[in-house]
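Student: I am new to this structure and would like to go through it step by step. Could you guide me?

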Amino acid sequence: MKAYSRFFTVYYLARTILICNAFQITLGGRSVSYNGKTGVLRIQVKDPSRASNLVVPPLGTLPSDNVINSIQVKDTGIEGKGFGAFATREIAKNTFLQFYEGDIIKSRESLDAVITERASLIRQSNGKSWKGTNAMDYVMSLDGGVTFIDGFERAQDRSSFSTAHLNHADKESEECNVVRLLDEDRVAFFTSRDICSGEELSFDYGRNFWKGREDKKLNL
């Protein structure tokens, strides 16, 4: 019976992909979406740490002034970690913080060109301008490797908070207090628990981010 059920599910998905330009459905705790423009099929396993009532808001939605005024960007004082985002007052659980900010890059080739130029600038600076920075830092994929958001330039502006300033914390740790939600053309960030004044806001970057640089990961 289980084998028949799996066959029917695969058949249904394949048939739907052929006749639809786009769709999004939920099957067995997994969110399945297909973008006909990019040809990307995305299957996301439901994260038990994610609140069921969290929904990615429409593009252009802004956080409240109270939220923006509740977060300060400052030096963490930790070697290898640099600057981070800290709460200056209490922030409630499930608060929308912001979309990820940055330049939209619409192909892998364009991204490679940007990264090559940036890597050259980092090498020329001899670590003075971007100490400990990797050229791919602050780059997020929207659809599995076709479209990207590059938050590098926004992260350099520390005069006001941006989600590009959020540091990493392992999701199993108490320090991980922010969750990231992806949709077709946007990445939204919410608090995953109540935040106390003085706490740093952090989320789990994911395993792919640390591939090839595990030795640089701070075990938080």
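Student: What should I know before we start?

Tutor: This is a predicted model, in which local features need pLDDT of at least 70 and side-chain atom pairs count only at pLDDT 80 or more, while totals for chains, interfaces and linings use all residues. Residues are numbered from 1 along each chain as its sequence is written, and side-chain values use heavy atoms, with hydrogens and water left out.

Student: How many helices and strands does the protein have?

Tutor: The protein has five helices and 13 strands. Both are DSSP runs numbered from the N terminus: helices are H or I with at least four residues, and strands are E with at least two.

Student: And what share of the residues is buried?

Tutor: Buried residues account for 38% of the 220 residues. Buried means under 20% relative accessible area, exposed means over 50%, and partly exposed is in between, using a 1.4 Å probe and protein chains only.

Student: Let us turn to the open sheet. In which order do its three strands come?

Tutor: The order is β7-β9-β8, with antiparallel pairing. The edges are β7 (103-105) and β8 (139-141), each of which pairs on one side only. From one strand to the next, the twist averages 25°. Two strands pair if DSSP finds at least two bridges between them.

Student: How many bridges join β7 and β9?

Tutor: Three bridges join β7 to β9 (residues 148-150), in the antiparallel sense. Across this pairing, Ile105 stands opposite Phe148 in β9.

Student: Which helix lies across those strands?

Tutor: Helix α3 (residues 108-124) lies across β7, β8 and β9, and runs at about 20° to β9. Axes are lines fitted to C-alpha atoms, for helices over the stretch in contact, and angles run from 0 to 180 degrees between N-to-C directions.

Student: Now the aromatic rings. How many aromatic pairs are there in the whole structure?

Tutor: A search of the whole structure gives nine aromatic pairs. Rings of Phe, Tyr and Trp (its six-membered ring) pair if their centres lie within 6.5 Å; planes under 30 degrees apart count as stacked, over 60 as edge-to-face and the rest as tilted. One of the pairs is Phe203 with Tyr205, a tilted pair with 5.0 Å from centre to centre and 50° between the planes.

Student: What arrangement do Tyr205 and Phe209 have?

Tutor: That pair is edge-to-face, because the ring centres of Tyr205 and Phe209 are 4.7 Å apart and the planes are at 75°. Ring pairs also link Tyr100, Phe189, Phe203, Tyr205, Phe209 and Trp210 into a cluster.

Student: Is Phe203 buried or exposed? And Phe209: buried or partly exposed?

Tutor: Phe203 counts as buried because its relative accessibility is 4%. Phe209 has a relative accessible area of 22%, so Phe209 is partly exposed.

Student: Which residue lies over the face of Phe83?

Tutor: Arg158 does, at 4.0 Å from the ring centre. In another case, Lys74 lies over the face of Phe86, at 4.9 Å from the ring centre. A charge sits over a ring if NZ of Lys or CZ of Arg is within 6 Å of the ring centre and within 35 degrees of the ring normal.

Student: On to single residues. Where is Thr191, and why does it count as buried?

Tutor: Thr191 lies in strand β12 (residues 187-191). Thr191 counts as buried because its relative accessibility is 0%. Its side chain reaches the backbone nitrogen of Thr95 at 2.9 Å. A polar contact is a pair of N or O atoms within 3.5 Å; within protein, one must be able to donate a hydrogen and the other to accept it, and residues adjacent in sequence count only if both atoms are side-chain atoms.

Student: Which residue has a positive phi of about 70° although it is not a glycine?

Tutor: That is Asn94, found in the loop between β5 (83-87) and β6. Tyr138 also has a positive phi, of about 80°, without being a glycine, and is in the loop between α3 and β8.

Conventions
Contact = heavy atoms within 4.5 Å.
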